[in-house]
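Let's take a friendly walk through two spots in this protein. Have the model open and follow along.

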Amino acid sequence: MRNRFATWAMFGALSAGCGLAQTPAAYTPPDAATQELAKGIFKQLIEINTTDSVGSVTAASKAMEQRFLEAGFPAGDVYVGGPNDRKENLVVRYRGTGAKPPVLFIGHLDVVEARREDWTTDPFQFVEKDGYFYGRGTQDMKNCDAILVTTFLRLHQEGFKPDRDLILALTADEEGGKSNGVDWLLKNRPELVKAAFAFNPDGGGVDLQNGRAVTADVDASEKLYADFQLITTSAGGHSSIPTPDNAIYHLADALERVAHYQFPFELNAITRAYFEKLSTIEHGQTAADIRAMLGTPPDAAAIARLSREAEWNSDIHTTCVATRLLAGHANNALPQMAQANVNCRILPGHSREEVRQDLIRVINNPKITVNYVADTGEISPTAPAGKALPPVALQAEVMQPLEKLVAVYWPGTPVVADMATGASDSKYTNAAGIPTYNWSAIELETNDVRAHGRDERLPEASFWKGVQFWPEFVRMIATE
Ligand SMILES: [Zn+2]
C-alpha cells in the first residue's frame, strides 16, 4: 500500500522548490494570429460530426493530419490508422533530442450524440455567442483536441526543440462504439505511443465558483467501470390469473435491495489527500465532517452526512445504480422475463467479479442471475478478476511544473490531486504502464458543466487560457 503521507509530503516539498527560469510572470491572452489558428482548428473539429451513429473520426483525423503535413511535420511522423474506415486515429510525433523518454498526450475525437431539436443552436455548427463557443464537443473534448493541435503547431513553428519526443494521439470511441482508439493503438501500434507518462485533458481542470478559481484538479486515479445484467424469468400465463412467481416483482425486489445497499466507505492515497485539502477550503459543519471522516476511526455519522453530496459519495464508495429496464411482452400477459442493467463504478483495489459477488449477496435471491456485460455488449456469467488500478504516483517532473504554472494562471489556487468517478481513456494507458494525468487547463463554472448535455458551450476566455497554458506547460515538461 502506498504511503499517503510520503506522497503528499514529497509533492508539497517540491512545490516549495526554486522557480523555473521560463515560467511567465502572468497570463496574457493569445495574439490575433494564434487566436485565428486555434479557433479555426476548433471550428473545423466541431463541424466534423464524429458521433458513433453517423459520424467519422477518420474525417477529423485526416483534417488534422493535413494541418501537420502542411506545417512541415515529416510524413513519417504523422500516422493515421484504425480498425475500420470510420474509426481511424491520428498519431503525431514531434521529435526531440531523445535525451529523455517520450511524453504522450491523448485526446478523444469522438463526441456524444446530439439532436438538433434538443438544442438552441445546431450542435454541429460552431457558434460564437455572448462570449461562448457553442457546439457538441466544446467541453468534451474538441476544445482540448484543438488546443493540443495548436500547441504542437505553434511549438514547431517557433522551432522549439524538446529534450524528449512529444506524441499526440487523437483517437476514436471514448464515448461509445466498439473501436476505442487508445486501446487499438496500444494493441496494434504500441511503438507509436510508448511513453514515460501521459496527459489526458479529458478531465481535471479549474473549478470556478462565480468567476473565482477554487481548485485546480488533476485526476490521478479513476474508478473502474462495469455493467451488470440482472435477469430473471417466470412461467408467464394469462394476467387474469396471477401467481406470486412474477419476474417483474422478483426484479423490482432485487433492484430495491441494490438501491438501499451502500458499499463500504474507503479512502485511498489520492482521495485522502483530496479531502485533507478540501477540509482547509470548506467551512463549518462540512469542514468538521471531513476532518471526522479522516480521523481514526472514521466517524460514521460524518460519513453519512458527507455521502448526501453525490460527488463525495462517489469518491468514498463503490457505487452501483440501475440504468435500464426491460420486462414483459404484453399488457395482458404475466411476464416471462425481466431484466435490468446495473452500472457500477468501482474503487481502486476491487475487481468487477468482487462487485458481482457483492450484488449476488445483496440481492440474495437465487431466481436473479447477475451477469457481466462487457464493453462490446457480450454477456458472461462471470466478470473479469482484474482489480481497478491503484492511483498514479504524483511524479515531481509532472507536479512541479504544473504547480508553478497554475500559480501564474490562477494565482492562489491549490492544485489538488483527485480521483475521477467516471472512467476515461487513461484506463488503457495506465494499464499499459504509462502513468496518466488527467488535466485540461480548462476553467469552468461548476454549475455550467454541459458535457454530454444540450447547448454544450465553452467560455471563450477559458479556451484562450488553455491555448496559452499548454505550450508553456509542454516547454517546461520537455526542457527541465
Ligand atoms: Zn470526454
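Where is N180 found? In this predicted model, N180 sits in the loop between β6 (164-171) and α5 (181-188). N180 has a relative accessible area of 10% and is therefore buried, since the cut-off is under 20%.

Which partners does N180 have once its neighbours within four places in sequence are set aside? The contacts are A172, D173, E174, D425 and Y428.

| Side chain | Partner | Distance |
|---|---|---|
| N180 | D425, side chain | 2.7 Å |

Now to the metal. The zinc ion is coordinated by H108 through NE2, by D140 through OD, and by D202 through two OD entries, at 1.9 to 2.7 Å. Along the chain, these donors follow the spacing H-x31-D-x61-D. H108 belongs to strand β3 (residues 100-108), while D202 is in the loop between β7 (197-200) and β8 (205-209), so the pair ties together parts that are 94 residues apart in sequence. Both H108 and D202 are buried.

What is the geometry of the zinc site? The site is irregular, with angles of 51 to 145° among its 4 donor atoms. To count as tetrahedral, four donors would need all angles between 85 and 135 degrees. For reference, the ideal angle for four tetrahedral donors is 109.5 degrees.

Technical notes
Residues are numbered from 1 along each chain as its sequence is written. This is a predicted model: local features need pLDDT of at least 70, side-chain atom pairs count only at pLDDT 80 or more; totals for chains, interfaces and linings use all residues. Side-chain values use heavy atoms; hydrogens and water are left out. Helices (H or I, at least four residues) and strands (E, at least two) are DSSP runs, numbered from the N terminus. Buried means under 20% relative accessible area, exposed over 50%, partly exposed in between (1.4 Å probe, protein chains only). A polar contact is a pair of N or O atoms within 3.5 Å; within protein, one must be able to donate a hydrogen and the other to accept it, and residues adjacent in sequence count only if both atoms are side-chain atoms. Contact means heavy atoms within 4.5 Å. Donors are N, O and S atoms within 2.8 Å of the metal (3.2 Å for Na, K and Ca); water is not among the atoms, so sites may look incomplete. Four donors count as tetrahedral if all angles lie between 85 and 135 degrees; four count as square planar and six as octahedral if opposite donors are over 155 degrees apart and all others between 65 and 115; anything else is irregular.
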